[in-house]
Amino acid sequence: MTPRLNATQIQQLREELLRRQRELERELDEQLGALSRVEHAREALLQDGDGNSQREPALDASREVDLARSDQTLQSLRELIAALGALDHEDFGLCQDCGEAIAFARLQASPSSRRCLQCQAQHEGAQPHLH
């Protein structure tokens, strides 16, 4: 049985989560700033001499990739904020399936983990594989 987290471990997780939060917020700011610059450049490129807009598929695809990247960063930020909020709950660090403590090393690597390694492996094994 893995022991529950102590106050020092929780504080270490909190500090790491706050560090990651700042990093993701900076990354998201950069991505959104880049998207607005890309959008402006795209509009300028799409204008022909008569002021008519022309579609450029490569620019659309690039924009879609940029939007997907910022969506992924935003989702990571949401998960991180949820983990920060969960730190103070008495069930933080306990497996939602078996109730045992989740290893500190696992929480350091993935603070939003809700299952111990064994239950996570069972959960993933029970999921149908999509091809």
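This is a predicted model: local features need pLDDT of at least 70, side-chain atom pairs count only at pLDDT 80 or more; totals for chains, interfaces and linings use all residues.
Q: Which residues of the largest nonpolar core touch the most other members?

A: Start with the general idea. In soluble globular proteins, nonpolar side chains tend to be buried together. Here the largest nonpolar core has 18 residues. L5, L13, L17, L87, F92 and L107 touch the most other members.

Q: Which helices each supply at least two residues of this core?

A: They are α1 (7-46), α2 (57-86) and α3 (104-109). The largest share, five residues, comes from α2.

Q: What is L13 in contact with, leaving aside its neighbours within four places in sequence?

A: L13 is in contact with L5, L87, F92, F104, L107 and Q108.

Q: Is Q9 buried or exposed?

A: Buried means under 20% relative accessible area. Q9 has 19%, so it counts as buried. Q9 lies in helix α1. Leaving aside neighbours within four places in sequence, Q9 is in contact with R4 and F104.

Q: How is Q9 placed relative to L107, and what separates their C-alpha atoms?

A: Q9 and L107 are 98 residues apart along the chain. Their C-alpha atoms are separated by 9.8 Å.

Q: How do I read the largest pocket, and what lines it?

A: Take volume, then lining, then class. About 160 Å³ of space lies in the largest pocket. Its lining is L17, R20, E23, L24, S76, E79, L80, A83, S110, P111 and S112. Helices α1 and α2 each supply at least two of the lining residues. By class, the lining has five nonpolar, three polar and three charged residues. L17 is also among the core residues that touch the most other members.

Methods
Residues are numbered from 1 along each chain as its sequence is written. Side-chain values use heavy atoms; hydrogens and water are left out. A nonpolar core is a set of buried Ala, Val, Leu, Ile, Met, Phe, Trp, Tyr and Cys residues joined through side-chain atoms within 4.5 Å. Buried means under 20% relative accessible area, exposed over 50%, partly exposed in between (1.4 Å probe, protein chains only). Helices (H or I, at least four residues) and strands (E, at least two) are DSSP runs, numbered from the N terminus. Contact means heavy atoms within 4.5 Å. On a 1 Å grid over the protein atoms alone, a cavity is a set of points where a 1.4 Å probe fits but cannot get out, and a pocket is an open set with protein on both sides within 12 Å along at least five of seven lines; lining residues have an atom within 4 Å of a point. Grid points are joined across faces, edges and corners, and a volume is the space filled by probe spheres set on the points. Ala, Val, Leu, Ile, Met, Phe, Trp, Tyr, Cys and Pro count as nonpolar, Asp, Glu, Lys and Arg as charged, and the others, Gly among them, as polar.
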